[in-house]
Amino acid sequence: MDFELPGEDHPKRQAVRSWFEANPHPSGADLARAGYVVPHWPRPWGLAADPELQLIIDEEMKRAGVTAPRNPVAINNCAQSLLTHGSEAQRQKFLPSALSGESVWCMLFSEPSGGSDLGALRTTARREGDHYVVKGHKIWTSLAHEAKVGVLVARTQPDLPKHQGLSQFLVDMDSPGVSVRPIIDMSGHENEYNEVFLDEVRVPADRLLGKEGEGWALSMIQLQTERVALSKPGAIWGSGPSARDLVEGLAETGALADAALRDEAAEIYVEGEILRLLAYRALSDRMNARTPGPEGAIRKMLAAPHGQRVLDLAKRAQGARGLIAGEQPFPTQLSGDGPFDDWDYAFWFSPAVTLGVGTQEILKNVVAERVLGMPRELDPTAREPWSETRRKGG
Amino acid sequence: MNFALSDDHQVLQQSARTFVEKEISLGRVLVPGATVADADYAGNWAKIAAMGWPGLVIEEAHGGSGLSCIDLAMVLGEMGRSLAPSPFLGTLFGTWAIQKGGSAAQQARVLPDVAAGKARLALAIAESNGTTDAPGREAVAVRSAGGWRLTGVKSFVIDAASADWLVVAAQDGGQRAFYLVDARQDAVRVDALPWRDVTREVCDVRFKDAVAEPLTADDATLWPWLRDRILFALAVESAAGTQRVLEMTTDYAKERTAFGRPIGAYQAIKHGLADMLGLSECANTAMLYAAWALSEDNARGPVAAAMAKAYCCDAYVSAAHRSIQIFGAIGFTWEMKNHLYYKRARANAELFGGARVHRARVIDMVTKKAA
Ligand SMILES: Cc1cc2nc3c(=O)[nH]c(=O)nc-3n(C[C@H](O)[C@H](O)[C@H](O)COP(=O)(O)OP(=O)(O)OC[C@H]3O[C@@H](n4cnc5c(N)ncnc54)[C@H](O)[C@@H]3O)c2cc1C
């Protein structure tokens, strides 16, 4: 057992640092070609990197002031499924632009009728010759307004039980019949998520990912991949302020002189340090090429409320000034340039982190059932044909 | 960088578990009204000594195995997991004190006997209000012609009644120093406290002109080093206890039925168990990090030990309390182990400073003020 992080003189560091010296302003495509976007993937897409190399690449990228392409749905969740379930043609067509960030992806999973009970979704895809025709209504779709590709879960076999009749597709978001309408979230931010209407959208049959009927299994893997990817110590799904930033900020303003606040800050700090160590453990698991398991759900279950606590204490330390829109809690601002490096915005966004990608309640069910072996939740609709459930009004 | 336990560590842990499960029983303390006198301290010690565990951290030159804090965590964790009543912890604390603070002659006099299971130790440092801060007021060392003498009282001394030797912190002219004291002399009186955690012997010790011999290291050299290890040891017990409580409670939630389903089917129970698992995972991680940092003499050792003590002890209290709730009324009886875990958790949380004390130290250290 060794918790030492790779040092300045680590043999793998030099090659990475030289690359960034030779390429001071790399494009997303440059980074993708170098394998730095998904270093833990196998070649040619990644570098089959172990956790040490992954950390080194993260650090060197930060040091060089380079931001990785932002395409979270592809990079964190879904694109990996093309390695395991996609065709070679799909990989060649979709992966280069996904990893370079040129082609943003979105996840067409949740529907107005429900997000937690994903298996009950109503959007259908019926086969017509060499196309599927998709009809339905998706909602809460982050990034849909800029996405070129949508990863769609739709029902191909309505007469099978609900989890068995689902399939996944890679849909061009500019196909005729796709329309996107923004939804304004409580932070006032217009571009967080959207509704997506799918009106007789014709999707070529070769856009089916995996086989018909594999939609549920693929979706679960992708959601769990996300749970691993997202559970870093930043307050918003790994991005934004961490507990270390919180303590630095509170030290800067002198707020730590208040004994009660200081103890709370310390408690949050300790939790943050432990979650950081847990995230490194997750990296090790990923190195061993293990399919992400329910352990990822444990980390997300812990990380999401932890992030809320980080932001909540910063906000409370502001007192009434914290209610002034845009007001920052600390004199020194965070160095990152992501949307969540704004403390005020991150705070007002933070209720979402126990909702998106599986609510806290669902995560606890998953953890208790899959890790501890507790009995599964009752679902009276799980075994009957989905069409039967629908007919009864479910 | 590798965050997993090595195979060797897993083997050590497994063999310790097998031994403890086979050899150590809590049966006699599960009889209502039992005290630590019923816990078979001496019998368990004989078995533990036969395993060579008292010498785990003692150098080979003194007859021990010279193992690291990570190795120690594997074995001590199993004792914490099973609440094995024995003077192991007090002896460990005394061993560390002599290792770091004793002269070569003192080490040679005491440590080989400890490693051989022939001598037991205890560390007397806390005052009657529980504090371990220097210099302390309640025990005073005086130098006379015939050598050093101690007078006064020390409180919350773990395993003092079993000990052959005591390491005692006493005040000398406003400074604190540590002394080696023969516990069997008439000038030393040990009174076991009516301690709620009946799996552990916790005592007051009174000295009246007791013959004492100073250790060579001063307080500033010895105490921070010793404190970090003590905090770590309590974290090890607590992390392991948390995991055991989770396992017991998980098993029970699968067996016990209400309204036609196992109680674990109900979300209030299910989610409570998921929370306990989160606590257990975090406690284990914090403890292993401290084990590694202390084994390596890493600069983060003091922070890691303080974090582990604060986190693991709080987690243990919370999990043990939750387990009583999930067991229902049976969990509130003396015959069940739940209360023993809860009492051990509460005791570990208070001894050597509560979580707030150590969290405040963490903040001091990370905001770069004096530790
Ligand atoms: C910021 C944000 C971004 C999102 N981005 C996307 C996206 O890109 N693509 C996408 O497809 N979706 C996205 N979502 C949707 C998200 O996946 C859903 O919100 C989530 O799955 C919950 O579904 P729901 O909102 O319909 O709530 P419901 O499923 O209706 O749940 C309502 C409440 O009931 C609880 N509940 C439900 N079932 C149970 C149960 N069995 N036990 C206990 N409690 C239960 C839930 O925990 C919740 O508190 C996003 C959501 C947010 C907030």
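Visitor: Where is B:D209 placed in chain B?
Guide: In this predicted model, B:D209 sits in strand β7 of chain B, which covers residues 202-214. Its phi is positive, about 55 degrees, although B:D209 is not a glycine.

Visitor: OK, then which peptide bonds are cis?
Guide: One of them runs from A:R43 to A:P44, with omega near 5 degrees, and A:P44 belongs to the loop of chain A that lies between α2 (28-34) and α3 (51-63). In chain B, B:A134 and B:P135 are joined by a cis peptide bond whose omega is about 0 degrees, and B:P135 falls in the loop between β1 (121-124) and β2 (139-144) of that chain.

Visitor: Switching to helices: at what angle do α6 and α7 of chain B pack?
Guide: Helix α6 (residues 219-255) of chain B and helix α7 (residues 267-295) of chain B pack at about 155 degrees, and their axes are 9 Å apart. Since an angle over 145 degrees counts as roughly antiparallel, α6(B) is therefore roughly antiparallel to α7(B). Their crossing is left-handed, and the residues in the contact of α6(B) with α7(B) comprise 16 nonpolar, six polar and two charged.

Visitor: And α6(B) against α8(B), parallel or antiparallel?
Guide: The axes of α6(B) and helix α8 (residues 301-327) of chain B come within 7 Å and cross at roughly 25 degrees, so α6(B) is roughly parallel to α8(B). This crossing, too, is left-handed, and the contact of α6(B) with α8(B) is made up of 19 nonpolar, five polar and three charged residues.

Visitor: Let's zoom out. What are the domains of chain B?
Guide: The domain assignment of chain B gives domain 1 (7-115), domain 2 (121-218) and domain 3 (221-370). Taken over C-alpha atoms, the centres of domain 1 and domain 3 of chain B are separated by 20 Å, and their contact takes 27 residues from domain 1 of chain B and 31 residues from domain 3 of chain B.

Visitor: How much area is buried between domain 1 and domain 3 of chain B?
Guide: The buried area between domain 1 and domain 3 of chain B is about 2,400 Å², and carbon and sulfur atoms give 77% of it. On the side of domain 1 of chain B, the residues that lose the most area to domain 3 are B:L30, B:R81 and B:L83, which together give 27% of what that side buries.

Visitor: What about chain A, which domains does the assignment give there?
Guide: For chain A the assignment gives domain 1 (11-68), domain 2 (105-212) and domain 3 (231-356). The C-alpha centres of domain 2 and domain 3 of chain A lie 32 Å apart, with five residues from domain 2 of chain A and four residues from domain 3 of chain A taking part in the contact.

Visitor: And what do domain 2 and domain 3 of chain A bury between them?
Guide: Domain 2 and domain 3 of chain A bury about 400 Å² between them, 72% of it on carbon and sulfur atoms. Within domain 2 of chain A, the most area is lost to domain 3 by A:M186, A:S187 and A:E192, which together make up 80% of what that side buries.

Technical notes
Residues are numbered from 1 along each chain as its sequence is written. Chains are lettered from A and ligands numbered from 1 in the order in which they are written. This is a predicted model: local features need pLDDT of at least 70, side-chain atom pairs count only at pLDDT 80 or more; totals for chains, interfaces and linings use all residues. Side-chain values use heavy atoms; hydrogens and water are left out. Axes are lines fitted to C-alpha atoms, for helices over the stretch in contact, and angles run from 0 to 180 degrees between N-to-C directions. Helices (H or I, at least four residues) and strands (E, at least two) are DSSP runs, numbered from the N terminus. Angles under 35 degrees count as roughly parallel, over 145 as roughly antiparallel, 65 to 115 as roughly perpendicular and the rest as oblique. A crossing is left-handed if the near helix is turned anticlockwise from the far one by less than a right angle, and right-handed if clockwise. Ala, Val, Leu, Ile, Met, Phe, Trp, Tyr, Cys and Pro count as nonpolar, Asp, Glu, Lys and Arg as charged, and the others, Gly among them, as polar. Domain bounds come from an automatic or database domain assignment. Contact means heavy atoms within 4.5 Å. Buried area is the accessible area (1.4 Å probe) that two parts lose on being put together, summed over both.
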